Amino acid sequence: MFTNLTDEQLVELAVSESPDAFGEIVRRWERKIFGLCFGMLGREDDARDAAQEAFIAAYRNLSKFRGDAKVSSWLHRIAVNQCLTTKRRQRSRAEDFLDEESGEEDRVFVASLSYSPASRAEKTERMSLVRQAVGSLPTDLREVIVMKEFEEMTFQEISDTLELPLSTVKSRLYTALKQLKMRMERTPVEVV
Amino acid sequence: MLQNKNNLDCGFTDEIVSYIYDELTSQERGNFESHLTSCTGCTDEFAAISNARFSVFEWQKEEFSNLSTPEFVIPYKSSGETSGKAASGFWAGLRDLWAVSNWPLTAAAGIVVMIGLGFMAMTVLDRGGDEIAANITVETPEIAVTQAGEPLMRNAVEIQPETQVPESRTDFRAESSPGTSLSNEPQSTKTISVRKQKPNRQFTAGTQPPQNESSARQQTAKAPVLNTYDELDDRSLRLADLFDDEIGAKR
């Protein structure tokens, strides 16, 4: 029904007469937004919740959408903001948890891995390292690398979405990968 | 011949990421590969960046690519109402309910609450007034003893005029046994109890104390004879009355 319409036309339709048109926007972008949230947050359940909240926030603010920006840019900005909010909540919760039970989490983490097969443990450890390194990147660098890897967007698409020059996207991606490499080298490998 | 061993000012840095992500044209790709064979700086940089990129790629393949896309539920609104499938959770549902712009219903509920509060306030004020009035009448209570022997508090308005006091006092003195009715007695509770506890009064000369209850009742049927009633006899309120026996003995 709505497949022939552009994102911008769908938004206009959803605002004016048919709210269901927003469902087509969700269908088009749900995988990419989910991937963006996963790359930004590193956990499936957090990514799912953040993406859900992002779509709801977008729907509630449809009337505020400015036609001069692309819908994809608008959605990505909402999703990134939602991820940052989730990160802040996680940090606050983690601080509370560490205040209450200092050191207990580390012991549980090491014990659970020590019972895994060696190869599996090594892979899990490597994934954990990457996840931490990506998570520690500045937001502007992280969102570029996540868009590239998890949303599989081209440089041009990232440029359009973030409304940045193509050269800036490339240099940000280059910087992101360099910092990622340095952070992974600096991070000590945990004993399994 | 290798060149640019320690720095990357050869102008191919942008091509490194483009090459890694396969976003070069065939001609650009050929040029960059030719450059790599002769530039160890770009080669080292390419290896490092490629390794970092592979880590992210591996993480994405390992932990994300197998995930199915979750079903996102949007709380669609149509003409000011939310649909039934709107909630993404309890709190989201609660927020949706709160977000409904149904101001006439909210206003009506507010009015009902205000009326209820006003009614409660009036009730409390009325009770407060009654309590104040009760406190005032407590100061001048009128107590009657019913046939069952229970004291009754009466309103101060019902206090009889002063002229009836002697009659009531006479009645009281005559009917001093417990269980008999005492009425129109504007005295305090303490006074009554003293009288009840000391039914044998002192009478002045010329008057005869009641020999028993039956004779006392006969006297109550008559009007009191004021000239036979000596105010001095009314010692029940005085401390000396408590020591009647002692005084009589001295006499």
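Q: Looking at chain B, what share of the contacts with a separation of 6 or more is between residues 24 or more positions apart?
A: That share is 51% in chain B. Keep in mind that this is a predicted model.

Q: OK. How many helices and strands does chain B have?
A: Chain B has nine helices and four strands.

Q: And what pattern do they follow along the sequence of chain B?
A: Going along chain B, you read α-α-α-β-β-α-α-β-β-α-α-α-α.

Q: What percentage of chain B counts as buried?
A: It's 13% of the 251 residues in chain B.

Q: Let's zoom in on α1 and α3 of chain B. At what angle do they pack?
A: Helix α1 (residues 13-20) and helix α3 (residues 40-64) of chain B pack at about 40°, and their axes are 10 Å apart. Because of that angle, α1(B) is oblique to α3(B). Their crossing is right-handed.

Q: Which residues make that contact between α1(B) and α3(B)?
A: From α1(B), you have Ile16(B), Val17(B) and Ile20(B). On the α3(B) side, the contact is made by Cys42(B), Glu45(B), Phe46(B), Ile49(B), Ser50(B) and Arg53(B).

Q: How does that split by class, nonpolar, polar and charged?
A: For the contact of α1(B) with α3(B), you get six nonpolar, one polar and two charged residues.

Q: Now the two chains together. How many residues of chain B are in contact with chain A?
A: There are 30 from chain B, in contact with 36 residues of chain A.

Q: Which element of chain B gives the most to that side?
A: That's α3(B), with 13 residues on the side of chain B that touches chain A. At least two residues each come from α1, α3 and β1 (77-78) of chain B. By class, this side of chain B has 16 nonpolar, eight polar and six charged residues.

Q: Switching to the core: how many residues are in the largest nonpolar one?
A: The largest nonpolar core has 60 residues. The ones with the most contacts inside it are Ile33(A), Cys37(A), Ala51(A), Ala79(A) and Ile16(B). Helix α2 (residues 21-41) of chain A gives the largest share of this core, eleven residues.

Q: Why would nonpolar side chains be buried together?
A: In soluble globular proteins, that's just what nonpolar side chains tend to do.

Q: Take Cys37(A), then. What is it in contact with, leaving aside neighbours within four places in sequence?
A: Cys37(A) is in contact with Ala47(A), Ala50(A), Ala51(A), Ala79(A) and Cys83(A).

Q: Staying in chain A, how do α6 and α9 cross?
A: The axes of helix α6 (residues 118-135) and helix α9 (residues 166-186) of chain A come within 9 Å and cross at roughly 125°. So α6(A) is oblique to α9(A). The crossing is right-handed.

Q: Which residues of α6(A) and α9(A) make the contact?
A: Leu129(A), Val130(A), Ala133(A) and Val134(A) come from α6(A), while α9(A) brings Leu180(A), Arg183(A) and Met184(A). By class, this contact of α6(A) with α9(A) has six nonpolar, no polar and one charged residues.

Q: Last topic: what's the phi of Glu163(A)?
A: Phi of Glu163(A) is near 55°, which is positive in a residue other than glycine. Glu163(A) sits in the loop between α8 (155-162) and α9 of chain A.

Q: Is Glu163(A) buried or exposed?
A: Glu163(A) is exposed, because it has 10 other C-beta atoms within 10 Å and the cut-off for exposed is 12 or fewer.

Q: And where is Asp22(B)?
A: Asp22(B) is in the loop between α1 and α2 (26-38) of chain B. Asp22(B) has a positive phi of about 55° too, although it is not a glycine. With 7 other C-beta atoms within 10 Å, Asp22(B) is exposed.

Key: Residues are numbered from 1 along each chain as its sequence is written. Chains are lettered from A and ligands numbered from 1 in the order in which they are written. This is a predicted model: local features need pLDDT of at least 70, side-chain atom pairs count only at pLDDT 80 or more; totals for chains, interfaces and linings use all residues. A residue is buried if 20 or more other C-beta atoms lie within 10 Å of its own, exposed if 12 or fewer, and partly exposed in between; C-beta atoms are placed from the backbone. Two residues are in contact if their C-beta atoms, placed from the backbone, lie within 7 Å. Axes are lines fitted to C-alpha atoms, for helices over the stretch in contact, and angles run from 0 to 180 degrees between N-to-C directions. Angles under 35 degrees count as roughly parallel, over 145 as roughly antiparallel, 65 to 115 as roughly perpendicular and the rest as oblique. A crossing is left-handed if the near helix is turned anticlockwise from the far one by less than a right angle, and right-handed if clockwise. Ala, Val, Leu, Ile, Met, Phe, Trp, Tyr, Cys and Pro count as nonpolar, Asp, Glu, Lys and Arg as charged, and the others, Gly among them, as polar. A nonpolar core is a set of buried Ala, Val, Leu, Ile, Met, Phe, Trp, Tyr and Cys residues joined through C-beta atoms within 7 Å.
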